[in-house]
4 protein chains.
Amino acid sequence: MLGNTFGRIFRVTTAGEAFGTALAGIVEGVPAGTPLQEADLQADLDRRKPGQSEIATPRIESDRVRILAGTLDGVTTGAPIALVIDNEWATPERIAAYAGEKDVIKPGHATYTYFEKFGVHRDWIADGRANGRETAMRVAAGAIAKRLLAAWGVEIFAFTRALGGIRCPDLPIEVIRAHADDPPVRCPDPEVAKRMLARALEAKACGDSIGGIVEVVARGAPVGWGEPVFDKLDGNLARALMSIGSIKGVEIGAGFAVAGMLGSENNDLPVVIDGGIRFETNHAGGILGGISTGEDIVARVAVKPTPTIATEQRTVDLVTRERTTFRCVTASDPTIVPRMIPIAEAMTALVLIDHALLARAASHGKEP
Amino acid sequence: MLGNTFGRIFRVTTAGEAFGTALAGIVEGVPAGTPLQEADLQADLDRRKPGQSEIATPRIESDRVRILAGTLDGVTTGAPIALVIDNEWATPERIAAYAGEKDVIKPGHATYTYFEKFGVHRDWIADGRANGRETAMRVAAGAIAKRLLAAWGVEIFAFTRALGGIRCPDLPIEVIRAHADDPPVRCPDPEVAKRMLARALEAKACGDSIGGIVEVVARGAPVGWGEPVFDKLDGNLARALMSIGSIKGVEIGAGFAVAGMLGSENNDLPVVIDGGIRFETNHAGGILGGISTGEDIVARVAVKPTPTIATEQRTVDLVTRERTTFRCVTASDPTIVPRMIPIAEAMTALVLIDHALLARAASHGKEP
Amino acid sequence: MLGNTFGRIFRVTTAGEAFGTALAGIVEGVPAGTPLQEADLQADLDRRKPGQSEIATPRIESDRVRILAGTLDGVTTGAPIALVIDNEWATPERIAAYAGEKDVIKPGHATYTYFEKFGVHRDWIADGRANGRETAMRVAAGAIAKRLLAAWGVEIFAFTRALGGIRCPDLPIEVIRAHADDPPVRCPDPEVAKRMLARALEAKACGDSIGGIVEVVARGAPVGWGEPVFDKLDGNLARALMSIGSIKGVEIGAGFAVAGMLGSENNDLPVVIDGGIRFETNHAGGILGGISTGEDIVARVAVKPTPTIATEQRTVDLVTRERTTFRCVTASDPTIVPRMIPIAEAMTALVLIDHALLARAASHGKEP
Amino acid sequence: MLGNTFGRIFRVTTAGEAFGTALAGIVEGVPAGTPLQEADLQADLDRRKPGQSEIATPRIESDRVRILAGTLDGVTTGAPIALVIDNEWATPERIAAYAGEKDVIKPGHATYTYFEKFGVHRDWIADGRANGRETAMRVAAGAIAKRLLAAWGVEIFAFTRALGGIRCPDLPIEVIRAHADDPPVRCPDPEVAKRMLARALEAKACGDSIGGIVEVVARGAPVGWGEPVFDKLDGNLARALMSIGSIKGVEIGAGFAVAGMLGSENNDLPVVIDGGIRFETNHAGGILGGISTGEDIVARVAVKPTPTIATEQRTVDLVTRERTTFRCVTASDPTIVPRMIPIAEAMTALVLIDHALLARAASHGKEP
C-alpha cells in the first residue's frame, strides 16, 4: 500500500484501519500562526461520524481527534500536525462478530483484491483499511485545509444531488448553500429530501441499499489555480474524489452532458461585471485548461449503493475456492451518500489548498 | 506550470507548445533490454495525428518522433528515453494568422486562465501549451508503456461510445476490439458510425462542433494493481484521463449509473472459472477498493464539443476589457472525439505501467 | 516545514517536537507478512534514548513506541504503520524551566532561523522540532527498515570513529562489528574509548562540549542499488545523513582523502573470488556511479560539538535585537556522538530499503 | 534508472549519454516573464566544456544548447523549458575506438555496477549515462536557476580549494570572487595555482591523475530557506553535490573540522550589524537547523582523481570473468577538478532556487 500521502505542498499522510487501535494522520504545509484547536476539527468529524440517523450505520464513535504535534498554545507552529482518532468501537467482542467473514469474498467489497494483493496477512476485519473508516482522517485534514482556504475567501459545501434515482432539481445557489447540510439526507429541497429518505428506508427494509450523486461546490477560488499539463486542477480533483471508496464517476461542470451539446451551447461566454471578467454560464464548472476561472468550481461524484447488504448473495470462499453465500450480519448504512458530503468537501479542500500553495510558489510575473 | 511530470516509477515529463519549435519528452522507468525504435512509436502517433479525415483539423504534421537518448542499437539501455517531435506546421506565416486572436478571450479555451495565471508573457499562439498538440508526446510515451504492458499480457483499446448525442449500443467485446479503430469515427458499429459521421458533418456545415464519449478498455491486467488510499488505480486513472484537454467527466465500470442502482444489482458476484476467481458482471469496471480485479478495466470519458467554432461568439478583450466578438479563422476539428481515442489509450497505459511497477516494488508476501 | 517525508517507496513521515505531546510517524512500503511488534523497535530506541551515561543528557524517557495501525496479531498487513512515542519528560514544570530562553538566540542552535522562518508562533521550547528528539522516530522507522534489510542479508552497524580529536585506528571489521556498541563511547578500541571518555568528561567539567566522527557500515547489500543520475545511492545517503541535526559533513569510502590521491592509488581493482567479482580495496566505499558494488557501504559523518554548553556566550535578543548573554541551564549532552550511532544506522537503513524496493520496481533485463 | 528528476518545484529532468545523439533536459518551475535566450545559458556551458586546456580532455564539443520549448520571443512563458545539446563528438569512428572496452571492467568507473544493474543492454560506450557528459545539461539548467536567483540577490561562485594535495590558503572573499574562474586551474591564488598546474601536468606525464577539493559559495541568500526535517537545505545540498560523478565527500562550513572543535569554539555568536542579525564567524556555513542563516552558504566537495588513466591496471573481463588488464586509449582529463567548478555551482543553484520557491509556497505568518 504505497499511496497514503496526498498533495505536493500541503501533504496529508494517513494510516489506520476499521478495527485497529486508531487512525493517524500527519499534515504538512500548514503555515505557522494559524489558530487551531481540536474543537476546530470536530465539527466536520461530527458531520461524517456514524450513528447519526436511521439511514446510517449504527456503529457509534465519538470520533474525537487529538492533536499530538504541530501546535503550541492553540496556534500552529509551522511544524507538521499529528492527529489521532481512536477507534472506540473496536472491542474484542465486536471484532469477534466478523470472524465468519474472514475467508468469504464479500461482493462489492475489496475483500478479494486485498487478499490477492496483500495475502493472508491483510487486515480482513471489516476490510481493514479498505473500510470507509479511514475517511475520518481525511475529514480532519480537510477541516484544516478549509480553515486556510477561508483566508483566501474560499468556501466549500456539498449536498445530495441524487439518491436512489431521485434527483434534486436545480435550485438557487444560496438555497443550496443554506440547506446543503439539512439532516438526514442533506438534499436542500425538503420535498425531494423526504422522497429520498423514503426510498432509503424502503431499501433498508428490503435488506438492500441505494446509491446517489453528491455535488460539491467551491466558491471564491481566484482565477489561476491548477498546474498543466498533468497536475491540472480538474485532474487532481478527479483523483482526489475518485480515491474515496465507492465513488465510480466524477464530472466537472456540465460533465457527461457535454457529450450531447454543441460547441455553441457549451462554450461559456465571458462578460465584464464590475470591471472583472465573469462568464454568462458555467458549463466549465469553474475550470478551463486545468486552471480555475474564478467561477464556482462544481464537481459531482457517483456513489455506488453500499455493497454491504442484508440479503444473501452467492459468492466464493477465498481459501477453498468453493461456492458459498454471504449475508452481512454487522453494522451497515442503507446508503452512504449523506455521509459522503463532508468527505467530498474535505478532498476538494485538500486539492484546492495544495494548488493555492503551488500557485504561490510559482508566482509568475511577480518579483523575484 | 508545475505539473509536467506524470507517474511515480514510470515517469513521463513533457514540454512543448502548439507553435513552438518542437515537443519534447523524457520517459523514465523503461527497463533495459526492450527493443524500441522510432517506428514502434509511430503507429500510435499516426492514429492521433491531424489531417486524417474530413472531420479532423486540416493541420498537417508528419509527427515523426526522434529518439535522442536511452537506446543503443534499437534496444533500451535502462537510461531515460528522450523524445522529440518537431512542429512542422509552425511556420511564421501560419503563426501570423493567429495575430488577431492575441488579446481576445476565446470562449471555451484556456485563453483567459492562462492570461491571468502567466501574464502577458504566456504563449498565446493557438493557446500554446494549452493546445491539444501536447498530447502527441503523451501518445509517444504511451506507446512505450503499451509495449511494456504487452509483456504482462495487457492490451488497451478505446473507441467512440457516443458522438453528438448518438450512442453506440453494447456489442460483444471482440467486435469492439476488432473495429475500435475503424475510420473515421472509430465507433465499432458501422451503422451507428455512419450516423455519427453525418452528425459531425452537419455540425461542421453549421460552423459548430459536437462532443461525445470515449470508452477505453484494458484487458489482461492481473488482480493487484493499485495503491490505496490515495493512489488507487481508479483515482490515478481519473486524474490521467481528466488531465487531457476537453475532458469533463470520467467514470469507471457502471459509472454514474450506479447512482440509480440497488446494492443487490450493482454488486458483481464472484464465481470460479477454471480454478480462478472471476465475476459474473463487471459493474466495478475491473477495480475494487482501488485495486484491479483481473476483469477488464473499463473507463469512459466525456469529451466536450471543440470550443473552436466558426460561428461568431460574444466575448471580451483581455487587455481593454471591452466587449468584442470572436470567430475562429484557423484550423479546427468539428469534433475531436475520434482523435481522443489514442490519447485515452496512452494515458491509461501510463497509469497501468506505473502501477505495475509500483506493485512489483512492494512485493507483499514474497521474499525478501 | 515542508520536508517531513523521506523516501519514494519506503516512505517515512514524521511529526513531533521536543516538548510536545508525542512524536508520531507513519511508515509506508512495508510488505504484508512481516512479523513486527513494539518490542522489535524498542532495542534501537533504547540505544538512542537519553539518560544512559554520564556523558549523555540527563533527560529521562522510556521512549516506548506504540503501533497504532498497520499490523494485525503482530504481523504487518501491507497497510501503513502508525507509530507514536509519548514525550514523558514534557511536564509543565520542565517546560517552565525554558521560559528564560524564549527570546534569546542560542548560539549554534536553530533558534534564529526558526524565528525568522516561522515567526513568533514557532515552537521555541528547547527548539521544538529542531531538537534532536525528533530522531527517536527516525530510529523507530529505521528499525523496521533494518528488519526488512535483514531478509536481503544486509546488516548495518555504526561506531565512533573519532571523538574530541581522538581517532580510532583501523581495526579488523569483525572487531568493529563485535564492539561497535560498547558503552558508553561506542568506539570498538577499548583503550581509545577510555581516552575519548576522559576527553568528554573533561569538556563536561569545563561546561563545554566536543564533536566527533561516526562511521556507518552496511554489509551485504547486493550490487545494483542506486538510481542515477539524481537518486544515486551516495547522493541519497548524503542527504539522509546530513539531514540529522549537528551533522556538518558526509563522506563515502576514502572520502576527502581522495583529494590527495593519485588515480592509480584510488582505483579499486576488481578480482574474482569464488566466481564473483570483488575489489582488492574499497576506496569507493561500496558505491560506483551511484550504484552499490556489493562491497561494504562505508560512510562517515562529522558531528559538531553539542551547541548547548554551560559556558556563558555573547548573543542577541530576538525581539529587542539588543546584546545579551546566554548560558544553558537545562539538560544537555557534553557530546552527542555516541547517541548518533543508532540514528546514523537508521538513516542508512531508510536509504537502503528504499533503493532496494526501487531497484526491484525497475527490474532490468527480467520479465516482464 | 529511476532518478532523472531533481527538485520539487523547480524540477529538472535530464536524459542523454556520452555518445548518444544528444542530451535533453526539461526544466519546470521557471516563472513567466524571465528573459531567456540560448546565449544566456552558453556562458556556463562554455566554462564546463571540454578541450579548453592542456589538463582537460581533448574531446571537442561546442556544447551549443537549443531551447525547443518554453519561451516566446526570448522570454519565458511559464511553460516547461525544453533544452537539447547535440553530441557533436559522437561519430561512428570515435565510437569504434571504444570497442575494446566493452567487456572490461574499467577500474574506478561505473562499468561493473551498470553491467550488473542494467545487463548486457546497458550503454557501454564511454560508460554511457555514467559519463560526466550528462553534467552539461545540469549546467544548462543551473544557468537558468542562477538567473532567477539573481533576482533574489543571490550569487554563486566556486573555485579550486585543493588540487593534488596542494591547498589554497584562506583569502579574502572578494579576492576569491574575482579570481575564482582564472584559467586553467580556477584557484584564486596565482602562486598556488601555478603549483597545482605543475602537479597536474606531472600526473599527466606519468599517465596518472589527481583529485582535489572544490569550494562553492552562495552569497545573498536570505535567512529562511530549508525545509526540516528531511528536506533541510544542507541535506539537499549534500544530495545534489554528491550526485555528481566522482564526488566522494561533502562538507558544510567548518565541515569535518567540527569533529575536533569545542562547542565554545564552533558556535557562531550572533551580533547586530546595521539593525540586522549577523554572525561573528561562519562555522555553520550559512545553515543552522537545516535553514539558511543569511550568511554565505559554503560547501566543499572532494573530487576523486579521474579514474581513466593511461597506466595499465589489473582487472577482470565482465563476461568471461577472467583476469585481464586495462589501459585507457581514449580521451581523458588528468584532473576534472577545474571543470567541476561550474557543475558544483549549477547543483547549488538548483537546490537554492527550489528551496526559494518552496519557502514562498509556505509563507508562514503571512496572509493568506
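User: How many bridges join β3(B) to β7(B), and which way do the strands run?
Analyst: This is a predicted model. In it, 6 bridges join β3(B) to β7(B), and the two strands run antiparallel.

User: Which residue stands opposite B:Ala22 there?
Analyst: B:Asp86, in β7(B).

User: Switching to the chains. How many residues of chain B are in contact with chain D?
Analyst: 42 residues of chain B, and they meet 42 residues of chain D.

User: What area is buried there?
Analyst: About 3,100 Å² is buried between chain B and chain D. Carbon and sulfur atoms give 66% of that area.

User: Which elements of chain B touch chain D?
Analyst: Those giving two or more residues are β2 (11-15), β3 (22-28), β4 (65-69), β6 (75-76) and β7 (81-86) of chain B. β3(B) gives the most, with 5 residues.

User: What classes of residue are on that side of chain B?
Analyst: There are 20 nonpolar, 16 polar and 6 charged residues on the side that touches chain D.

User: How many salt bridges and polar contacts cross between B and D?
Analyst: The salt bridge count between chain B and chain D is 0. The polar contact count is 14 residue pairs, both residues at pLDDT 80 or more.

User: What rotation superposes chain B on chain D?
Analyst: A rotation of 180°, with 0.0 Å of shift along its axis. The RMSD is 0.0 Å. The two copies are thus related as by a two-fold rotation axis.

User: Why say the copies meet through the same surface?
Analyst: Because 100% of the interface residues of chain B are also interface residues in chain D.

User: Now chain A and chain B. How many residues are in contact?
Analyst: 102 residues of chain A are in contact with 102 residues of chain B. The area buried between these chains is about 8,200 Å². Carbon and sulfur atoms give 63% of it.

User: Which three residues of chain A supply more of the buried area than any other three?
Analyst: A:Lys117, A:Phe230 and A:Lys248. They supply 11% of the area that chain A buries against chain B.

User: How many salt bridges between A and B?
Analyst: 6. One example has the side chains of A:Glu227 and B:Lys117 meeting at 2.9 Å, N to O.

User: And how many pairs in polar contact?
Analyst: 49 residue pairs between chain A and chain B, both residues at pLDDT 80 or more. By class, the side of chain A that touches chain B has 48 nonpolar, 34 polar and 20 charged residues.

User: Which strands pair across those two chains?
Analyst: Strand β11 (residues 247-252) of chain A pairs with strand β11 (residues 247-252) of chain B. The sense is antiparallel, over 3 bridges. Within β11(B), B:Gly249 is the bridge partner of A:Glu251.

User: How many salt bridges over all chains?
Analyst: 134 in the whole structure. Among them is the pair of C:Arg219 and C:Asp296, at 3.0 Å, N to O.

User: Where do those two sit?
Analyst: C:Arg219 is in strand β10 (residues 212-219) of chain C. C:Asp296 is in the loop between β15 (291-292) and β16 (297-303) of chain C. They are 77 residues apart, so to speak in distant parts of the chain.

How values were computed. Residues numbered from 1 in each chain as written. Chains lettered and ligands numbered in written order. Predicted model: local features only at pLDDT ≥ 70, side-chain atom pairs only at ≥ 80, totals over all residues. Heavy atoms only, no water. Least-squares fit on C-alpha atoms with pLDDT ≥ 70 in both. Contact = heavy atoms within 4.5 Å. Buried area = accessible area lost by both parts, 1.4 Å probe. Salt bridge = Lys/Arg side-chain N within 4 Å of Asp/Glu carboxyl O. Polar contact = N/O pair within 3.5 Å; in protein donor to acceptor, adjacent residues only side chain to side chain. Helix = DSSP H or I, 4+ residues; strand = E, 2+ residues; numbered from the N terminus. Nonpolar A, V, L, I, M, F, W, Y, C, P; charged D, E, K, R; others polar. Pairing = 2+ DSSP bridges.
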